Amino acid sequence: DGCGHTLLGPESGTLASINYPRTSPNSTVCEWEIRVRPGQRVQLKFGDFDIDDSDSCHSSYLRVHNGIGPNRTEIGKYCGFGFQMDGLITSKSNEVTVQFMSGIHTSGRGFLAAYSTTDKSDLITCLDNASHFSEPEFNKYCPAGCVIPFADISGTIPHGYRDSSSLCMAGVHAGVVSNTLGGQINVVISKGIPYYEGSLANNVTSKVGPLSTSLFTFKTSGCYGTLGMESGVIPDSHITSSSILEWPNQTGQVNIWKPENARLKRVGPPWAAFISDEHQWLQIDLNKEKKITGIITTGSTLAEHYYYVSAYRILYSDDAQKWTVYREPGVGKDKIFQGNTELYQEVRNNFIPPIIARFFRINPLKWHQKIAMKVELLGCQFSIGRAPKITFPPPPQNKNDEKNADFMDDFIHSVKTSLQTDKTTFTPEIKNTTVTPSVTKDVALAAVLVPVLVMVFTTLILILVCAWHWRNRKKKTEGTYDLPYWDRAGWWKGMKQFFPTKSAEHEETPVRYSSSEISHLRPREVPTMLQTESAEYAQPLVGGIVGTLHQRSTFKPEEGKEASYADLDPYNSPIQEVYHAYAEPLPVTGPEYATPIIMDMSSHPSTPLGAPSISTFKAAGNQAPPLVGACNKLLSRTDSASSAQALYDIPKGQPGPGSADQLVYQVPQSVAHPTVSKDE
């Protein structure tokens with residue numbers, strides 16, 4: 001009465017004490033007799049061991065024997081709290097007896113152990129999880145019987161399982177190993193995800209799980225694709241059933257739940273049997289032999305019709321006449337598959353080993369209210385390996401060839417014998433959509449190089465585009481006739497000359513000349529200031545402000561009075577003293593000076609013959625030009641063209657009031673100016 005969870009398979013199994021992992025009751029005993037194939041030996045591995053040792057293994061202990069019966073010999077006797085068993089316990093024969101004895105105690109979980117044949121060197125127990133191993137990929141052997149009620153798993157395929165999940169129990173849920181037989185698993189560790197879904201598969205319920213640092217998946221042969229129920233590859237005529245449910249609704253319309261409605265995820269009603277008993281079936285013709293590895297089922301998926309199948313058998317056939325019920329190897333009874341527990345959830349069951357057949361039949365055994373279901377089959381194509389065709393030589397023609405014929409018969413017999421093989425199956429190379437693919441060094445290298453190259457090329461393209469855009473924008477904003485940016489220093493420097501310059505260190509005083517002072521100047525040095533209502537003065541060469549700003553004079557206005565082109569010419573009254581500011585030189589770091597205005601006074605009536613041209617600009621620096629001559633009063637411009645023969649300065653590029661012969665244009669002071677006169 002001391003036996004707990006137990007499953008003894010032909011090559012492996014699991015055993016535990018009663019009530020494990022809780023404290024076992026007092027005064028209990030259990031013996032397990034383990035047998036494997038002759039010629040094999042048994043190895044035992046403990047996943048947990050916690051037996052009271054207060055009386056030095058006298059009343060509570062675990063004892064292992066070689067053999068079974070009265071002739072068995074003891075291998076060892078064990079007890080202790082949290083006892084760590086290093087290595088494996090190996091038998092000398094193919095039979096082992098394990099005895100558990102529980103005396104009077106108050107604590108101790110008991111034990112859980114796994115066994116297998118000695119050729120499974122990588123045996124683990126049902127309690128091992130992915131966090132116990134540091135390798136990114138490894139192979140382990142799971143014993144039979146790892147679907148245990150006291151272990152939990154979180155996750156599902158293809159997303160993966162949380163690292164705290166039992167490896168072997170997750171392997172059963174994923175369909176890579178059988179709970180009855182056990183088997184080899186190939187585990188791949190990868191980065192965890194924030195959320196793990198739950199599902200029901202192979203009689204194992206996976207729970208919803210939170211974020212973890214890592215997860216694991218399984219590598220398989222990849223034969224887990226859908227076979228055509230959902231996609232419609234299997235035609236309606238290939239889906240049949242034992243009966244069909246027909247019933248009228250409230251409006252009197254007849255509803256027919258036909259077998260072709262049994263397509264997974266198909267909107268609408270499912271297939272339903274007219275009579276709900278154990279003799280009903282749903283049959284699918286795959287058109288040819290296929291390798292069937294699993295099945296997914298749901299209920300009616302209609303909230304108003306809460307129908308589903310909770311348990312069923314599987315039958316298969318090659319001709320739809322002789323049917324075989326699916327059984328697991330080494331098990332003498334039919335396999336009963338767990339179905340749905342409600343009408344919406346998809347439940348998966350895998351076939352280990354897979355089924356090779358053309359016709360597939362589902363036989364419901366338990367259901368809720370009515371037999372109704374939707375189905376999808378999992379698997380892949382199936383191929384048969386055949387021996388190459390042999391071409392035989394022609395028979396001998398005479399008696400001399402009898403020896404050669406005998407030799408040929410022996411040769412053909414030996415070839416036939418060597419080519420005699422059983423029906424061999426080859427798994428096609430089909431991509432596995434349910435598990436993580438193999439991780440190799442090449443894939444890892446490519447996963448690193450490809451993003452780096454993409455980032456480098458993207459950066460280069462962005463740099464080129466930005467440079468091209470900046471260059472075009474610079475050309476556009478720095479064109480000859482465009483306004484500069486308002487934050488450019490050159491713009492402010494160019495505009496400062498239009499305002500009176502005031503400096504704390506040096507304030508330049510404008511130079512003015514009165515009429516009396518002008519009278520003492522020599523004729524060639526008399527600056528003639530001719531002001532008209534429309535004439536404007538030469539423009540300063542200010543970089544970046546040409547063409548778009550309104551033209552302005554380079555002369556500094558007098559303080560207290562703003563000059564106006566509409567004012568009377570101050571030179572009409574020789575008695576009135578006129579103070580006029582002359583153009584001042586621009587700063588040293590600024591743009592060039594305005595082009596000087598040169599006027600020829602030789603043809604003026606009051607000017608002596610041979611008088612040179614005079615400039616309206618003052619001398620360099622702040623010094624006034626020397627008074628080395630005298631000049632009579634200046635004649636001002638009158639509205640009558642016949643009054644005075646004065647010549648006025650005309651700005652460059654603007655038409656003057658007189659004829660071309662009466663105009664004298666500006667030339668630099670350093671250039672000799674020939675006098676041009678014309679007698680009226």
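Let me begin with a definition: a nonpolar core is a set of buried Ala, Val, Leu, Ile, Met, Phe, Trp, Tyr and Cys residues joined through side-chain atoms within 4.5 Å. Buried means under 20% relative accessible area, exposed over 50%, and partly exposed in between, with a 1.4 Å probe and protein chains only. The model is predicted: local features need pLDDT of at least 70 and side-chain atom pairs count only at pLDDT 80 or more, while totals for chains, interfaces and linings use all residues. Residues are numbered from 1 along each chain as its sequence is written, and side-chain values use heavy atoms, with hydrogens and water left out.

Which residues of the largest nonpolar core touch the most other members? Among its 26 residues, they are Ile295, Ile314, Phe351, Phe360 and Ile362. At least two residues of this core come from each of S22, strand S23 (308-317), strand S26 (347-368) and strand S27 (372-381). Strands (E, at least two residues) and helices (H or I, at least four) are DSSP runs, numbered from the N terminus. Phe360 has contacts, meaning heavy atoms within 4.5 Å, with residues including Ile295, Ile314, Trp323, Phe351 and Leu377, leaving aside residues up to four places away in sequence.

Strand S22 (residues 282-298) also holds Lys290. Beyond four places in sequence, Lys290 touches Ile355, Ile356, Ala357, Cys380, Gln381 and Phe382.

I turn now to the sheets. Two strands pair if DSSP finds at least two bridges between them. Strand S5 (residues 61-66) and strand S8 (residues 95-102) are joined over 6 bridges, and Asn66 has Val96 in S8 as its bridge partner.

Another open sheet has 5 strands, ordered S10-S13-S16-S12-S11 and paired antiparallel. Strand S12 (residues 160-162) meets strand S16 (residues 214-218) over 2 bridges, with Tyr161 partnered by Phe216 in S16. Packed on this sheet is helix H1 (residues 167-174), which touches S10, S11, S12, strand S13 (183-191) and S16, and its direction makes about 50° with that of S16.

Is H1 enclosed or left open? Buried residues make up 8 of its 8, so H1 is largely enclosed by the rest of the structure. Among them are Leu167, Met169, Val172 and His173. Just after H1, Gly175 adopts a positive phi of about 85°.

Finally, the chain as a whole has 5 helices and 31 strands, and 41% of its 680 residues count as buried.

Key: Axes fitted to C-alpha atoms, helices over the stretch in contact; angles between N-to-C directions.
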